[in-house]
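Here are my notes on this two-part model. Please read them with the coordinates open.

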Amino acid sequence: MSPTLAVQTSPFVDYVGIAPYLLLVVGMIVVLMVLPLLLAKTTRHRVKDEAYECGLPPQGTAKQRFSVHFYMVAVLFILFDIEAVFLFPWATSVQELGPIGFSGAVVFVAVLGLGLAYAWRKRVLDWN
Amino acid sequence: MSPDIAYFAATLAKIVAIFLLSVHVVPIMVILERRISAWVQFRIGPNRVGPLGLFQPLADLVKFLGKEDFVPAQANKVLFWAAPALTCLPPFLVMTLIPFAPPFEVMGRELPAVIVDSSIGIILALALSSLTVYGIAIGGWSSNSKYSLLGGLRSSAQMISYELALGLSVLAVICVSGTLNLSDMITRQTAFFGFDDATGNWAGWNIFSQPVAFLVFLVASYAETNRLPFDLPEAESELVGGYHTEYSATKFSLFFMGEYIGMLGMACLIVILFLGGWHLPGVAALDLSPNVFALVGLLVFMAKVGFFLLLFIQVRWTLPRFRYDQLMQVGWKVLLPIALANILVTGFVVAWS
């Protein structure tokens, strides 16, 4: 391992390999998306260009308001995802931190558990 | 040829190989899925193109390329074009983090069988795989079709809900292995079942020390990749086609490419986190040379991944689809509390040992 360690002057050296890979993937996606434009015939018509709505003329726009439930799920997700991110450093070092570190994590999870119980009680998690 | 150039060439070859491997899983999975579904349903399935219908995916690709590229008049053109690429790209990037085999030996130097051996590999893998939700939400919204919008909304809500269970179940595994690096995680599962003699830590496969986390991760990975029984975003019987209703030609196929690569990534993560990666009981005792050992490890790893990919297909054709309210309740009221409790129990045991 020593030869590779000597080269690692910047933390980004580890991630250089992603560049040629990205080039391959993006190239494949671009080629795949452009080829039908060259190979296939395109015809346009006012009715054909409408969005699909069971074969009937579309009623109004689709960019309308939708259920507030989706927003609440998104907000809850942000809370719990940040919780998970904060717990990652604890989880990596729980073997060294021992009981004291664990009690801190318990308090942290308990507060969020209360939040989940509150959301549960307020029927945010029910879809009717 | 100087050793440095040879090593550089080997690294490039490795990157191309991993790219080709990821790409070729898609047609293999498509033909397997269609033949197995036919077998499950007492049909014959596609068997006309090539021997046993093996060239069917190739014919599908030709057909995709020859299809008209349709864009609805009311659609937001830029986002409509960006969405398939945004859905397809993140699962491919996850594959750069997967260590497929033990390090190879090229010119006396170690060549790790992974493109990016990141010290925060598992966080990066979860973060990248969750980026898929952007492509799906944008695709659903920009089509300006009501079915697409509903499919995109449902899909994004489902994916973020199950991502929590996914991330939290991984936390318990990290408590046991004490590292975020995916290669290190595998090397800490050398024994099949048992503890490390020197440190007293668990050194067996994590499926035995973390069975609950394994089940939560498995269920959540099906929801993350939008597979049955959680394929609500597509729900053909309710939403026509879900978020890709308005898509045609290769843009449509890119969504599915992303889905299949996502399944590959999830299967790889399951194998790394819970099933000891390339380890197989008895192989280490054979005392093979490094390159042969790496090759055997590669085969073992791919066999385990193949098992989980087949399980994806088998589950799809066995279980019916959830109702949407049931789906969200399973995610928030069952998997999330179980994952949280599992972290606390695991943390308790690890902290006091």
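1. Helices here are DSSP runs of H or I, at least four residues long, numbered from the N terminus. The model is predicted, so local features need pLDDT of at least 70 and side-chain atom pairs pLDDT 80 or more, while totals for chains, interfaces and linings use all residues. Residues count from 1 along each chain as written, chains are lettered from A and ligands numbered from 1 in the order written, and side-chain values use heavy atoms, without hydrogens and water.

2. The cavity search. A cavity is a set of points on a 1 Å grid over the protein atoms alone where a 1.4 Å probe fits but cannot get out; lining residues have an atom within 4 Å of a point. Points join across faces, edges and corners, and volume is the space filled by probe spheres set on them. Three cavities reach 30 Å³ or more.

3. H11(B) gives the largest share, seven residues. By type, the lining has eight nonpolar, eight polar and two charged residues. Here Ala, Val, Leu, Ile, Met, Phe, Trp, Tyr, Cys and Pro are nonpolar, Asp, Glu, Lys and Arg charged, and the others, Gly among them, polar.

4. The interface. Contact (heavy atoms within 4.5 Å) joins 90 residues of chain B to 65 of chain A. About 6,700 Å² is buried between them, 76% of it from carbon and sulfur atoms. Buried area is the accessible area (1.4 Å probe) that two parts lose on being put together, summed over both. Lys146(B), Trp332(B) and Lys333(B) supply 10% of what chain B buries against chain A, more than any other three residues.

5. Bends. H13(B) bends by about 30° at Val330(B). The angle is between axes fitted to the seven residues ending there and the seven starting there. In H3(A), a kink of about 25° lies at Phe86(A), shortly before Pro89(A).

How values were computed
Helix = DSSP H or I, 4+ residues; strand = E, 2+ residues; numbered from the N terminus. 1 Å grid on protein atoms, 1.4 Å probe; cavity = no way out; pocket = protein on both sides within 12 Å on 5 of 7 lines; lining within 4 Å.
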